[in-house]
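Here's a quick tour of the packing in this model. Have the viewer open and follow along.

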Amino acid sequence: MRRTVFAVAATAMAVSLAACGSAKEADGGSDSSSDAAAKKGDNIKVGLLLPENQTARYEKFDRPLIEKQIKELTNNKGEVVYANAKQDATTQNQQVETMITNKVDVLILDAVDAKAIANSVKKAKDAGIPVVAYDRLAEGPIDAYTSFDNEQVGKTQGEALLKALGDKAEDGQIVMMNGSITDPNAALFKKGAHSVLDGKVKIGKEYDTKEWKPENANKNMEGAISALGKDKIVGVYSANDGMAGGIITALKAGGFDKLPPVTGQDAELAGVQRIVAGEQYMSVYKPYAPEAEAAAKMAVALAHGESLDSVAKDKVDSPTTKGVPSVLVPVVSLTQDNIQDTVIKDGVYTVNEICTAKYKAACDKIGLN
């Protein structure tokens with residue numbers, strides 16, 4: 001997967017060296033932590049903490065891409081210590097403790113719960129271990145951050161839904177299925193979507209979906225159909241592909257003669273196949289390679305006690321930390337029209353992976369073969 005990473009604003013990185021420790025030698029004032037990092041060279045230990053394994057992206061893309069980048073950046077000398085919290089914030093806090101005990105040199109952290117992880121981030125900081133917040137903006141004294149422009153993700157979804165609705169936007173109501181309240185990205189997706197949808201379409205029901213689980217989205221959608229009536233629902237805003245699957249199952253069971261447009265995010269294989277089949281209108285394609293590359297570069301630089309100036313041209317404020325050096329990656333609206341030019345061109349999936357026997361006729365119909 002190859003896509004250019006665009007930076008938005010220049011930032012000074014006075015914080016990064018402090019993140020690796022700022023103890024001064026008595027004889028000349030040199031940074032002892034930086035000296036130790038320099039002596040370690042490429043033999044660094046990187047802790048990688050991912051939040052869950054229900055969403056296909058983490059095990060299929062993020063983990064292998066980050067591991068590959070770390071190996072390349074350290075001449076195959078760097079070690080990646082991996083743990084997945086399986087959507088449990090308490091487990092992830094314990095995993096951070098274990099990483100500290102194991103004396104990793106840097107952490108790449110995708111938080112299950114951005115607020116709940118703050119104390120563990122501080123413990124890592126106190127132990128001299130810098131933290132790169134990955135994909136979600138964790139609270140606490142993080143040293144760097146990489147993700148996508150998450151408010152723009154919501155705007156992209158909202159704009160696509162309005163395009164799909166056309167004149168029908170005024171004829172009925174939509175259901176909004178937002179992500180988990182423990183994920184700060186979900187709030188940004190919601191904010192971006194509302195900025196586009198509010199005043200353009202009536203929102204009949206809106207939900208924050210516990211733990212992003214498709215089964216919870218399914219139950220919420222069943223409730224929305226019961227409350228609003230299937231004849232009143234003209235579209236569904238779904239914050240990601242997993243939930244879109246649960247929503248579409250509920251729509252089919254609810255007796256819809258024709259499925260209303262449903263949005264998504266992550267370009268999961270099942271989501272792309274539903275788009276091919278005309279069951280899901282769109283997904284947000286987020287090129288994971290540049291995100292993973294940025295995380296790996298920042299992690300290695302921090303482990304070496306180096307500045308992030310050449311990598312992080314952006315800066316972002318979290319609720320607890322201001323001016324965090326960041327890399328934000330742009331996103332793409334994925335529909336039937338550009339599957340070939342996005343996920344296939346970038347090597348995410350092959351035509352054969354998408355166009356299985358079940359979807360071959362649909363693929364042929366849209367010229368994907």
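## Nonpolar cores

Start at isoleucine 339, which touches Val272, Ile275, Val276, Leu334, Ile344, Ile354 and Leu368, leaving aside residues up to four places away in sequence; contact here means heavy atoms within 4.5 Å. This is a predicted model, where local features need pLDDT of at least 70 and side-chain atom pairs count only at pLDDT 80 or more, while totals for chains, interfaces and linings use all residues. Residues are numbered from 1 along each chain as its sequence is written, and side-chain values use heavy atoms, with hydrogens and water left out.

Ile339 also shows up in the largest nonpolar core, a group of 61 residues: along with Val175, Met221, Val343 and Ile354, Ile339 touches the most other members. A nonpolar core is a set of buried Ala, Val, Leu, Ile, Met, Phe, Trp, Tyr and Cys residues joined through side-chain atoms within 4.5 Å. Buried means under 20% relative accessible area (1.4 Å probe, protein chains only). Helix 9 (residues 241-253) gives this core the most, six residues; helices are DSSP runs of H or I, at least four residues, and strands are runs of E, at least two, numbered from the N terminus. There's also a second, separate core of 26 residues, with Val300, Ala301, Leu308 and Ala312 among them.

## Arginine 136

Where does arginine 136 sit? Look in the loop between strand 4 (131-134) and strand 5 (144-148). Arginine 136 counts as buried because its relative accessibility is 4%. Its contacts, not counting residues up to four places away in sequence, include Tyr58, Asp110, Asp183 and Trp212.

Key
Buried means under 20% relative accessible area, exposed over 50%, partly exposed in between (1.4 Å probe, protein chains only).
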